[in-house]
Amino acid sequence: MADPARAARLAQRIKVVVAEALRKAVKDDRAEAITITDARVTNDLQHATVYYTVLGDTAAQEGAREVLDAKKGVLRREVGRNLTIRLTPTLEFVADEVPVNASHVEDLLRQARARDEEVARLAERARPAGDPDPYRKPEVRDDEDDVEHESEFDDVDVDAE
């Protein structure tokens, strides 16, 4: 089992090597739109997952996936030539969904901001439904109303048995 820090360094190197190999070794026009965004290597350094994005529509994304699947062996050979490890890791290419998810989150934030502005606009003209001050307050008595009340035990003689 390798050191996780070594695996992270190797992943960064694989990311660079694959990006350069796509530019130099792969002779396909569809590869020009591919951007390598990240790479991750397992701790045993046997398997690498390479994340990519594609500029363009769904046809460009499908073409990029086909190119990467077809040229996987060429890219692995380039990785093996440029790394100084005993075994070359297998490569798996995964479309990176971060830009799509970020776009969706931006849309949701835009909608929430619009709803907040609408609520604030409605709150400007709002009035309370009940009394202006709905909280109970202690009853205020005048001094004239204070009357000593007789207790029912006032007439009882405690010494009498």
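This section describes the fold, the sheet, the nonpolar core and the salt bridges of a predicted model.

The chain contains four helices and three strands. Along the sequence these elements follow the pattern α-β-β-α-α-β-α. Of the 161 residues, 21% count as buried. The accessible surface of the chain comes to about 12900 Å², and carbon and sulfur atoms account for 48% of this area. When contacts between residues at least 6 apart in sequence are considered, 61% of them join residues at least 24 apart.

The three strands form an open sheet with the order β1-β2-β3 and mixed pairing. Strands β1 (34–41) and β3 (90–95) stand at the edges; each has a single partner strand, so one side of each is left without a neighbour in the sheet. From one strand to the next, the twist averages 25 degrees. Strands β1 and β2 (residues 47–54) run antiparallel and are joined by seven bridges. Within this pairing, Asp 38 stands opposite Tyr 51 of β2, and Ala 39 has Val 50 of β2 as its bridge partner. In a regular strand, side chains alternate between the two faces of the sheet. The two strands β1 and β2 form a hairpin, with five residues between them. In the turn of this hairpin, Leu 45 has a positive phi of about 65 degrees.

Helix α2 (residues 58–70) lies across β1, β2 and β3. The helix runs at about 150 degrees to β2.

The largest nonpolar core has 27 residues, of which Ile 14, Val 18, Leu 22, Ile 34 and Leu 91 touch the most other members. At least two residues of this core are supplied by each of α1 (4–24), β1, β2, α2, α3 (72–82) and β3. Helix α1 gives the largest share, eight residues. With residues up to four places away in sequence left out, Ile 14 touches Val 41, Ala 48, Val 50, Val 79, Leu 83, Pro 89 and Leu 91. One of these contacts of Ile 14, Val 50, is also the bridge partner of Ala 39. Another, Leu 91, is listed with Ile 14 among the core residues that touch the most other members.

Thr 53 lies in strand β2. With a relative accessibility of 17%, Thr 53 falls under the 20% limit and counts as buried. Its contacts, again without residues up to four places away in sequence, are Ala 33, Ile 34, Thr 35, Thr 37, Asp 96 and Pro 99. Among them is Ile 34, one of the core residues that touch the most other members.

A search of the whole structure finds seven salt bridges. One of them joins the side chains of Arg 40 and Asp 38, with an N to O distance of 3.4 Å.

A second example joins the side chains of Arg 65 and Asp 69 at 3.3 Å, N to O. Arg 65 and Asp 69 are four residues apart in helix α2, so about one helical turn separates them. Arg 65 has a relative accessibility of 36% and counts as partly exposed. Asp 69, with a relative accessible area of 40%, is also partly exposed.

In helix α4 (residues 98–124), Arg 110 and Asp 107 are three residues apart and therefore separated by about one helical turn. Their side chains meet in a salt bridge with an N to O distance of 2.7 Å. Arg 110 is partly exposed, at a relative accessible area of 48%. Asp 107 is partly exposed as well, with a relative accessible area of 35%. Elsewhere, salt bridges that share partners join Glu 62, Arg 65 and Asp 69 into one network.

Technical notes
Residues are numbered from 1 along each chain as its sequence is written. This is a predicted model: local features need pLDDT of at least 70, side-chain atom pairs count only at pLDDT 80 or more; totals for chains, interfaces and linings use all residues. Side-chain values use heavy atoms; hydrogens and water are left out. Two strands pair if DSSP finds at least two bridges between them. Axes are lines fitted to C-alpha atoms, for helices over the stretch in contact, and angles run from 0 to 180 degrees between N-to-C directions. Contact means heavy atoms within 4.5 Å. Buried means under 20% relative accessible area, exposed over 50%, partly exposed in between (1.4 Å probe, protein chains only). Accessible areas come from the Shrake-Rupley method with a 1.4 Å probe; for residues, only the protein chains shown count as cover. A salt bridge is a side-chain nitrogen of Lys or Arg within 4 Å of a carboxyl oxygen of Asp or Glu. A nonpolar core is a set of buried Ala, Val, Leu, Ile, Met, Phe, Trp, Tyr and Cys residues joined through side-chain atoms within 4.5 Å.
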